[in-house]
Amino acid sequence: MSIDLRELYQQVILDHQRHPRNFRALAQADRVSRGANPLCGDRVTVYVKLAGAQLSALSFEGVGCAISTASASLMTEHLTGKSLDEAEWLFAAFHALLAENGPQTQDIDSLGKLAVLAGVRRFPARVKCATLPWHTLRAALRGEGRTVSTE
Ligand code: ZN
């Protein structure tokens with residue numbers, strides 16, 4: 001990855017950390033789930049409003065590091081309006097992105113802005129920060145009431 005691209009990605013992550021999108025409780029959420037990453041201290045609550053098989057609105061609250069906050073912000077932005085099937089597919093694609101030998105970012109156009117988090121794979125301890133919001137969302141979509149933990 002070129003230095004310029006890396007810097008651009010860094011800027012997007014910082015922007016989402018400082019100005020998280022959809023950072024609020026969703027009063028009329030159909031699904032709510034909580035997640036925690038004890039290793040880093042990240043805590044997130046994900047809210048989902050469904051319209052049939054579509055995620056019509058997503059939001060989140062919580063406290064966490066830059067990576068977990070940016071990941072939650074990007075996730076809620078990217079998944080709004082997507083179907084449940086697309087959300088499952090993106091969950092898998094996002095995890096593949098963060099795998100040690102994951103695809104190069106140019107191969108994963110479908111991830112859109114989520115690809116800015118590809119660099120996290122170089123820091124294995126931070127991967128759980130990036131995936132926490134996604135595990136929490138999946139628990140919400142599956143109607144699992146318990147709190148999700150990365151440990
Ligand atoms: Zn973290």
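Modeller: Helices (H or I, at least four residues) and strands (E, at least two) are DSSP runs, numbered from the N terminus. The model is predicted: local features need pLDDT of at least 70 and side-chain atom pairs count only at pLDDT 80 or more, while totals for chains, interfaces and linings use all residues. Residues are numbered from 1 along each chain as its sequence is written, and side-chain values use heavy atoms, leaving out hydrogens and water.

Colleague: Which residue in β4 is the bridge partner of Gly 35?

Modeller: Look at β1 (residues 31–37), which pairs with β4 in the parallel sense over two bridges. The β4 partner of Gly 35 is Val 148.

Colleague: Where does α4 bend?

Modeller: α4 (residues 124–141) has 18 residues and spans 26 Å from first C-alpha to last, close to the 26 Å expected at 1.5 Å a residue (1.5 Å times one less than the residue count). There's still a bend of about 40 degrees, taken between axes fitted to the seven residues ending at a residue and the seven starting there. Pro 133 follows within four residues of the bend, which is at Thr 131.

Colleague: Which element gives the largest share of the largest nonpolar core?

Modeller: That core has 39 residues, with Val 48 and Leu 79 making the most contacts inside it; it joins buried Ala, Val, Leu, Ile, Met, Phe, Trp, Tyr and Cys through side-chain atoms within 4.5 Å. Elements giving two or more residues are α1 (3–18), β2, β3, α2, α3 and α4. Leu 79 touches Leu 55, Leu 58, Ala 87, Leu 90, Trp 134 and Leu 137, skipping residues up to four places away in sequence (contact: heavy atoms within 4.5 Å). The largest share, eight residues, comes from α4.

Colleague: And Ser 71, is that buried or exposed?

Modeller: Ser 71 sits in helix α2 and touches Phe 94, Leu 117, Ala 130, Pro 133 and Trp 134, again not counting residues up to four places away in sequence. The cut-offs are under 20% relative accessible area for buried, over 50% for exposed and partly exposed in between (1.4 Å probe, protein chains only). Ser 71 has 0% relative accessibility, so it counts as buried.

Key: Two strands pair if DSSP finds at least two bridges between them.
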